[in-house]
Amino acid sequence: MWMPLTASLIRPLTFSMMSFMSWVRSFRSFGHTPSRGYARLRAGVNGLPHLPSRRFAWLNVGYMRHSLRFVAALVAGLALLAWGASVLVTRTTRAWFERDMVLRAQLAVSGGREALVSHWEPGHEAELRKVLVGMTRDERVLGVAACGADLQLRVSTIDYPPSLVCSSLALGVRPRSDAPGAAWTTWASVFSLPGGRVHVTATPLLEGDQPLGFVVLVHDLTFVERREETTRRFLALAFAFLAIVASVFTLVAARLSWRGWSNELRRLIQGGSPPPEFRPFLRDVRDLVERLAAEREAEGLGGLWTPQRLKNTLTRHLHGERVVIVANREPYVHERTESGEVALLHPASGLVTALEPVMRACSGVWVAHGSGSADREASDEKGRLPVPPGEGSYVLRRLWLSPEEEKGYYYGFANEGLWPLCHIAHTRPIFRSEDWRQYQAVNHKFAEAVGEEVGSEDPIVLVQDYHFALLPRMLRERLPRATVITFWHIPWPNSEQFGICPWREELLAGLLGSSILGFHTQFHCNNFVDSVDRFLEARIDREQHAVVHRGHSTLVRPYPISIEWPSGWLGSVPSVPECRASVFAELGLAPGARLGVGVDRLDYTKGIEERLLAVERLLERTPELRGRFTFAQLAAPSRTIIPQYRQLDENVSRIAARINERFSSGRYRPVVLLRAHHEPPTVFRYYRAADVCYVSSLHDGMNLVAKEFIAARDDEQGVLILSHFTGAARELTEALSVNPYDLEEASAALASALLMPGDEQRDRMRAMRTLVAEFNVYRWAGRMLVDAARLRRKERLSGRLSRLLPPVPGAPE
Ligand code: ADQ
C-alpha cells in the first residue's frame, strides 16, 4: 500500500499535515466549531499548487526556528549556571582570604610579641611605633595600632584609620570588662571606610595571664575584590565558550540525525522498505494520506458542493452505483382534496427537506410509506412512480401499510416510544409489545422491498431515521455485501435513559448491521457508543470510531445535516420587499410593524408553547411594542392521533388566545397561529418577510428551519434566535443563542433582535450564509458516500487478499 506513494503525493501530504496541525492549533485556541476549522483545513489543501518549489523548504525554516529556540534555552541555562558558580566561588574565596588575614595578623603579633611587650610600658612610644611600622612591611597591611588594657590607643602607624577606635574594637576582643586575660580572643571583621573596604583583626597581647591590651591590624581588601572580579570574568568566559561549543556540537548532531531521517523518508518515498522504527509513524501517515486524498478527490476542483459534484463523486467513487434510500416519509404526497382533485404536497419534514435534493442528484430509488389518500392512484401496480413530477430524476417506491401496521409501527413504537425516548422534552415514552411486533414486521416489510429494488449484490442503501432501527441488520442478513449507511436524524440519549427501552439490545444490534451509522453531532455518537458499551457484548474501537459486533464492524461518525444551497425554493418566491408586502397584507399589519416568525411541525420538542410565552413576556416588559409587534407561527399538524400531540395543539391555541386577549387592540393581534401545512414557497415567503425567526426547540437533532431561514435571506437581513438545545446551535454561532425555558432571556433576545442595527444583522447573516453555503446537504451526503466508498474498497481488497492466501489447516471454510 505504501510503496506506490509518489513524491508528488507526499509533498502535498506534508503540506497538508502542516495545515492540519495549524488548524488543530487554531481550533484548540479559539474553541471554534469543527466546521470552521475544517473549512480552514480545506483551504490549506486547496492551496496546494502554491507549494514552495524546494523540497522540504518549509522544514528548513521550521528547523532553523527550532535550532534557535534550542540555542537560546541552552545559553540561558548556562548563563544561570555561570552566575550561580560565580556567587559560590566569590563566597568561598572571600572566606579563605579572611581566614588567611586573621592567621597573618596572629603571626605578625606573635612574631613581634617580645618587642611589643618590652616597649608596651608608657614612655616607649617611639620604639613601639617602630615595631608597629615593622609589621606594615606587608603591602596589604594598611595600618597597625596598639590599644592598651585601658582600651585607649597607645600608638598607631601613620595610615591607621582614625575611625577604628580601640574602645569599640575591644567589644569583640574582651567579652566582659572584668574578663581575665585567658578569656580575651582574636576578633576580626570587615569595615567599609571612605577609601574602600578593609579587614580588621584585633589580637590580644598577654603577659602570663595578664592582658596588656591588643594589637589591631588593618588589611586592605581591594586586592581581594580585584581577584574576585578576575575570577568572575574568567568564569563567564569559560561558560560562554562552553555554551558555544555545546550548541555547535548539538546542532551538528541534530542536523546529521535530521538529514539521516529525511534521507530515510526520501528513500521510503522512492519505494524503499521502512525500518521498524518508522512503521507506527508510517501507519498514521498512510491513514492521513488516504483520508486527504479521498477528500481532495471528492472535492474535485474545490469550491462549493453542488448536485453535479455529488454526482461526480458517486460516479468516481462508487462507479455510479444505484443508491436506495429507505425513509418512512415520502418526498411527494398525493392527496385528494375536498373538491375531489388530487393535490401534490411536499411534506413538512426535515428529513425530506435534506434528502430530496440529494436524491435528485444521485438518482436511484426512494422507498417510503405511501401515506397520501391518492398515492395508490398516482403510482403503478408495484407502487412506483418517477419523481419529481415532470423531471423524473429518481423513482419513488411506495409501500402500503395496513392501519394496524401504521398504528403500531409509526404512531406507537416510533412516535410514542422512540421519539420521546430520544428527546429531552419531558414526555414519557410508551412501549407496548404489540407496537414492537408491528415495528419488527414493518421493518421486515421494508427489507423485502429494498431487496426488490437493489440492482446488485453489493448495493448502497441509505437507511433513514428511528423508524428503521432493525432494518440495517435485516439487510445485512439478506445482502451481506451491501453497504448500509444509516442516519439517525434525532438525538441519541445517554445510556441511562436509553436503558429504559425494553428492547434496547435488539435496537442496538439492529443498528449495528450498518456499515456506517451517522448522527448529527459527536455527542450523540458518544451516547450511542456508551449505550453499546453498557448493553451489548461488542468491541469498541475508539481509535477508528467503530463498533465490532458479531464480527461485523460499524463506523459511528458525526455528519451534521444541512439543506440544499442555493435553495431551490428561492426561485419560486418574489423579492424580499414583495414578500414582506404580501405577508403584511395577509396578516393585516401596518407598514411600520415588526414581524417575528416560527415554522414547525406541531411537536412538543419544538418548544412552541415556550416561544409564545416568550412573546407574551416581551409584550409585558416592552409596552411600546404592543400594537407594533406580531408573531406569526406556521404550525403543521403532526401525529394528531397521539394524545400528547392533541394536548399540545390545545395548549398552543389556548396560550395564543390568552396573549391575543391580553394585548389585542382594534385589528391588532400579537399572535397569528397559522395551524396548517404550508407549501415551501409560502414558508419561504414568511422567512423573507420577517424581522426575526425564533427557533425554540427544547431538544432537536439539528433543526433545518434555522438553516432555511438563513438560505431565504439573500438580502442579508433578519435575525435568527436559536435554542441552545439544537444541533444547529453548534454551527450557527452568529445567531442569538437562548435557553427557551428561560423566558426572561428569550424575551430579552427578541427585544435585542428587534433593535439590532442593519449592519450587525448583515454581518451575522453573512457569516451564517457562508457557513451554510459551504456545509450544505450535498457535502453531507458526499462525505458519507466517500466514507462508504473507502469502506467498500477496503473490504474488496481484504476479500481479494483472503482469496489469495492459502487456507489455514483446520480453519473453518
Ligand atoms: P424535523 O423534526 O421535521 O426533522 P426540522 O429539521 O426543523 O425538523 O425540519 C422541519 C421541516 O419541515 C423544514 O423543512 C420546515 O420548512 C418544514 N416545516 C415545518 N413547519 C412547516 C409547516 N407548517 N408547513 C410546511 N412545512 C413546514 C428531523 C429532526 C431534526 C433534523 C431533521 C433533519 O427532528 O432535528 O434537523 O430531521 O435531519
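Contact is taken here as heavy atoms within 4.5 Å. Helices (H or I, at least four residues) and strands (E, at least two) are DSSP runs numbered from the N terminus. The structure is a predicted model, in which local features need pLDDT of at least 70 and side-chain atom pairs count only at pLDDT 80 or more, while totals for chains, interfaces and linings use all residues. Residues are numbered from 1 along each chain as its sequence is written, and side-chain values use heavy atoms, with hydrogens and water left out.

The protein chain contains 25 helices and 23 strands. Of its 813 residues, 51% are buried, where buried denotes under 20% relative accessible area, exposed over 50%, and partly exposed the range in between (1.4 Å probe, protein chains only). Among contacts between residues at least 6 apart in sequence, 72% join residues at least 24 apart. The accessible surface of the chain comes to about 38,100 Å², and carbon and sulfur atoms account for 57% of it. Accessible areas come from the Shrake-Rupley method with a 1.4 Å probe; for residues, only the protein chains shown count as cover.

An N or O atom in the side chain of Thr 353 is 2.6 Å from an oxygen atom of the ligand. For Lys 606, a polar side-chain atom is placed 2.9 Å from a ligand oxygen atom. His 678 contributes through its backbone, an N or O atom of which lies 3.0 Å from a nitrogen atom of the ligand. The ligand taken alone exposes 720 Å², and the protein buries 95% of that area.

At the start of H22, the backbone nitrogen of Val 705 has a side-chain oxygen of Asn 703 within 3.0 Å.

Gln 464 lies in strand E12 (residues 460–464) and is buried, with a relative accessible area of 1%. Residues up to four places away in sequence aside, Gln 464 touches Ile 325, Val 326, Ala 327, Leu 351, Leu 355, Phe 487, His 489 and Trp 780.

A nonpolar core is defined as a set of buried Ala, Val, Leu, Ile, Met, Phe, Trp, Tyr and Cys residues joined through side-chain atoms within 4.5 Å. The largest has 91 residues, and Tyr 439, Phe 446, Trp 488, Leu 507, Phe 528 and Ile 721 touch the most other members. Helix H12 (residues 403–422) gives the most to this core, with nine residues. Apart from it lies another core of 84 residues, among them Cys 579, Ala 593, Ala 728 and Phe 775. The contacts of Tyr 439, not counting residues up to four places away in sequence, include Tyr 409, Phe 413, Leu 418 and Leu 507.

One disulfide is present, a disulfide being a pair of cysteine sulfur atoms within 2.5 Å. The bond joins Cys 147 and Cys 166, with the sulfur atoms 2.0 Å apart. The torsion about the S-S bond of this pair is about -70 degrees, so the disulfide is left-handed. Cys 147 lies in strand E1 (residues 141–148) and Cys 166 in helix H6 (residues 166–173), so the pair ties together parts 19 residues apart in sequence. Both cysteines are buried, with relative accessible areas of 0% for Cys 147 and 5% for Cys 166. By contrast, the sulfur of Cys 422 is 9.0 Å from the closest cysteine sulfur, that of Cys 501, too far for a bond.

Conventions. A polar contact is a pair of N or O atoms within 3.5 Å; within protein, one must be able to donate a hydrogen and the other to accept it, and residues adjacent in sequence count only if both atoms are side-chain atoms.
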